[in-house]
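Q: Could you take me through one part of this structure up close? I'd like to follow a few residues from their own surroundings out to the sheet and the core.

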Amino acid sequence: MKFFRKGRAIVQAAIAATKLNHRGGHCRLYGRCTVVNDGVFTLGDYFCAKDGVSLVSGHGAELRIGNRVFMNYGASVYATHRITIGDHVLIADDVRIMDTDSHDVVDHAKPGKTAPITIGNHVWIGLRSLILKGVTIGDGAVVAAGSVVTRDVPPHTLVAGNPARVIRAIDAHVMRQEAWMPTAIKATSPMDPSAPIRE
Ligand SMILES: CC(C)(COP(=O)(O)OP(=O)(O)OC[C@H]1O[C@@H](n2cnc3c(N)ncnc32)[C@H](O)[C@@H]1OP(=O)(O)O)[C@@H](O)C(=O)NCCC(=O)NCCS
């Protein structure tokens, strides 16, 4: 289903029209986004997506997105089994999150492997990263730009590369909330944006 920006009321109506199983308040989709729900799809409060974002919960799949999640231009989430995204997650431009290989490696006519993806709270996924099937990304982790994440990412670590490997640990007490909150979310948020993240 495609949406065109014609003001806040229409944007919110557009999300409602997709028959999400739950939609939080203050959700914003800017520009032209695709939202499909053929399974279960829940969206938390203060969700914000920029032009070209694609959100798909396939037939029998489960897609759950938490509160204050921001998706930048062209990012996409494609659930065929189960994808769970926590709160305060920042997903940069052109990131792809998909829980299936789509095709079997040997017999391309057969379905590929599928495994659930879980993304924790306060995660930042850098530009053009790929998050593949079966991965869990721990709370407070950062995925560097262009990473291909094929294995679990421990909480509060920076990972980078293809395949993504841990580069270093991140001090949760030094991270600050405002770094995770784009203007669109800050403007409507009752929460103190300068509050430090404490796990
Ligand atoms: C995550 C990020 C901010 C970390 O930057 P940083 O703290 O300056 O990292 P460093 O430069 O100290 O890099 C540490 C190591 O990781 C490597 N590294 C950093 N980013 C990498 C990447 N994207 N892919 C592969 N390796 C990377 C560096 O080469 C370095 O390796 P070395 O120690 O062997 O020299 C940065 O890598 C990044 O991804 N920036 C783009 C963020 C983005 O996507 N923004 C879009 C808007 S939301």
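A: Let's start with Val 89, which counts as buried because it has 23 C-beta neighbours inside 10 Å, and the cut-off for buried is 20 or more. Keep in mind that this is a predicted model, so everything here describes the prediction.

Where does Val 89 sit? You'll find Val 89 in the loop between strand 10 (82-85) and strand 11 (90-91). Leaving out residues up to four places away in sequence, Val 89 touches Gly 66, Val 69, Ile 119 and Val 123. Take Val 69 from that list: Val 89 and Val 69 are 20 residues apart in sequence, yet their C-alpha atoms are 4.8 Å apart in space.

Now hop over to Phe 41, which is part of strand 4 (residues 40-43). Phe 41 is buried too, because 23 other C-beta atoms lie within 10 Å. Again skipping residues up to four places away in sequence, Phe 41 touches Leu 20, Asn 21, Ser 57 and Leu 63.

Strand 4 runs parallel to strand 7 (residues 62-65), and the two pair over 4 bridges. One place to look is Leu 43, whose bridge partner in strand 7 is Ile 65. Zoom out a bit and you get an open sheet of 6 strands with parallel pairing, in the order 1-4-7-10-13-16. At its edges are strand 1 (22-23) and strand 16 (136-137), each pairing on one side only.

Leu 63 takes us on to the core. Apart from residues up to four places away in sequence, Leu 63 touches Val 40, Phe 41, Leu 55, Ser 57, Val 77, Ala 79 and Ile 83. The largest nonpolar core has 46 residues, and Leu 63 is among those with the most contacts inside it, along with Phe 47, Ile 91, Val 143 and Val 149. As a general pattern, nonpolar side chains in soluble globular proteins tend to be buried together.

One last stop is the ligand. The residues surrounding the ligand include Asn 72, Ala 92, Leu 127, Val 142 and Ile 167. Sorted by class, this shell has 8 nonpolar residues, 4 polar ones and no charged ones.

Definitions and conventions: Residues numbered from 1 in each chain as written. Predicted model: local features only at pLDDT ≥ 70, side-chain atom pairs only at ≥ 80, totals over all residues. Near = placed C-beta within 6 Å. Nonpolar A, V, L, I, M, F, W, Y, C, P; charged D, E, K, R; others polar. Buried ≥ 20, exposed ≤ 12 C-beta atoms within 10 Å, placed from the backbone. Contact = placed C-beta atoms within 7 Å. Core = buried A, V, L, I, M, F, W, Y, C linked by C-beta atoms within 7 Å. Pairing = 2+ DSSP bridges.
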